[in-house]
Amino acid sequence: VPNHPDAHFSRGFMAFYQDRMNAAADDFATVYEGAQGTLRDYALIWRYLSEVRGGADMVKAMTAFEGRDNIETWPGILVSLFSGAVLPGDVLAAARHENLKKQLENECIAYFFIGQLYLIQGDRSGAMEYFRKTIATGITQLRQYAAAKTELQRLQR
């Protein structure tokens with residue numbers, strides 16, 4: 001499905017949660033090459049998470065972020081979170097929005113990826129806290145909401 005980045009993204013997401021990290025990373029890399037806009041940023045983040053959670057060296061995997069982070073944009077600031085250019089508090093500040101629904105959506109995404117950061121850094125309790133915050137937003141239509149539930153189930157095993 002070379003010209004369908006959304007389909008590759010969904011397949012990568014499913015592979016990620018089936019612990020098929022290499023397949024997930026490949027799908028997210030394909031999305032990154034063919035997508036535009038925010039989908040491209042999210043694909044880069046998910047590819048990184050797939051590689052690191054699949055056993056790749058964090059620093060080596062981070063080379064994908066070189067020149068890609070942008071602390072002025074959403075979701076570019078999430079790339080900056082994983083590259084180490086910003087802290088979780090910076091991401092939460094960027095999530096603020098005058099429209100409450102949009103802010104909750106941004107927070108759902110921010111909390112989830114902050115949880116992922118803590119998880120790959122080995123801070124299980126920090127990760128669990130942020131996955132719980134993701135769910136507490138109540139933004140059920142976003143992938144991050146269901147993914148946070150899955151992550152919490154995994155961490156509580």
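Trainee: At what angle do the axes of α1 and α9 cross?
Mentor: In this predicted model, the axes of α1 and α9 come within 12 Å of each other. Two packed helices are described by the angle between their axes and the distance between the axes, and for α1 and α9 the crossing angle is roughly 15°.

Trainee: Are α1 and α9 then roughly parallel or roughly antiparallel to each other?
Mentor: Angles under 35 degrees count as roughly parallel, and α1 and α9 cross at roughly 15°. The two helices, with α1 passing α9 in a left-handed crossing, are therefore roughly parallel.

Trainee: Which residues of α1 and α9 make the contact, and how do they divide by class?
Mentor: From α1 the contact draws on F9, S10, F13 and F16, and from α9 on R143, A147, E151 and R154. Sorted by class, the contact of α1 with α9 has four nonpolar, one polar and three charged residues.

Trainee: Turning to helix α3, how far apart are its end C-alpha atoms?
Mentor: Helix α3 covers residues 37-53, and its 17 residues, at 1.5 Å a residue, should span 24 Å.

Trainee: Which elements cover the buried residues of α3?
Mentor: The buried residues of α3 are D41, Y42, A43, L44, I45, W46, R47, Y48, L49, S50 and V52. What covers these buried residues includes α1, α2, α4, α5 and α7.

Trainee: Is S50 buried or exposed, and which residues does it touch?
Mentor: S50 lies in helix α3, and with a relative accessible area of 1% it is buried. If residues up to four places away in sequence are not counted, S50 touches F16, M21, A24, A25 and F28.

Trainee: How do α3 and α5 pack, and what is the hand of their crossing?
Mentor: Helix α3 and helix α5, which covers residues 76-83, pack at an angle of about 25°, with their axes 9 Å apart. They are therefore roughly parallel to each other. As for the hand, α3 passes α5 in a crossing that is left-handed.

Trainee: Into which classes do the residues of the contact of α3 with α5 divide?
Mentor: On the α3 side the contact is made by D41, Y42, L44, I45, Y48 and L49, and on the α5 side by G76, L78, V79 and F82. The residues of this contact divide into eight nonpolar, one polar and one charged.

Trainee: How do the axes of α5 and α7 lie, and what is the hand of that crossing?
Mentor: The axes of α5 and α7 come within 10 Å and cross at roughly 15°, which means that α5 is roughly parallel to α7. The crossing of α5 and α7 is right-handed.

Trainee: How many charged residues are in the contact of α5 with α7?
Mentor: The contact is made by L78, L81 and F82 of α5, together with I109, A110, F113, I114, Q116, L117 and I120 of α7. By class, these residues divide into nine nonpolar and one polar, and the number of charged residues is given as no charged.

Trainee: Which elements cover the buried residues of helix α8?
Mentor: Helix α8 has 13 residues and reaches 18 Å from its first C-alpha to its last, close to the 18 Å expected at 1.5 Å a residue. Its buried residues are G126, A127, M128, Y130, F131 and T134. What covers them includes α6, α7 and α9.

Trainee: Is S125 buried or exposed?
Mentor: The place of S125 is in helix α8. Its relative accessibility is 54%, and the cut-off for the exposed class is over 50%, so S125 counts as exposed.

Trainee: What is the phi of D19, and where is D19 placed?
Mentor: Most residues other than glycine have a negative phi. D19 is not a glycine, and yet its phi is positive, at about 60°. D19 is exposed, with a relative accessible area of 53%, and its place is in the loop between α1 and α2.

Trainee: Which residues with a positive phi follow α3 and α8?
Mentor: After α8 comes G138, with a positive phi near 75°. After α3, with a positive phi near 110°, comes G55.

How values were computed. Residues numbered from 1 in each chain as written. Predicted model: local features only at pLDDT ≥ 70, side-chain atom pairs only at ≥ 80, totals over all residues. Heavy atoms only, no water. Axes fitted to C-alpha atoms, helices over the stretch in contact; angles between N-to-C directions. Helix = DSSP H or I, 4+ residues; strand = E, 2+ residues; numbered from the N terminus. Parallel < 35°, antiparallel > 145°, perpendicular 65-115°, else oblique. Left-handed = near helix turned anticlockwise from the far one by under 90°. Contact = heavy atoms within 4.5 Å. Nonpolar A, V, L, I, M, F, W, Y, C, P; charged D, E, K, R; others polar. Expected span 1.5 Å × (residues − 1). Buried < 20%, exposed > 50% of the residue type's maximum accessible area, 1.4 Å probe, protein only.
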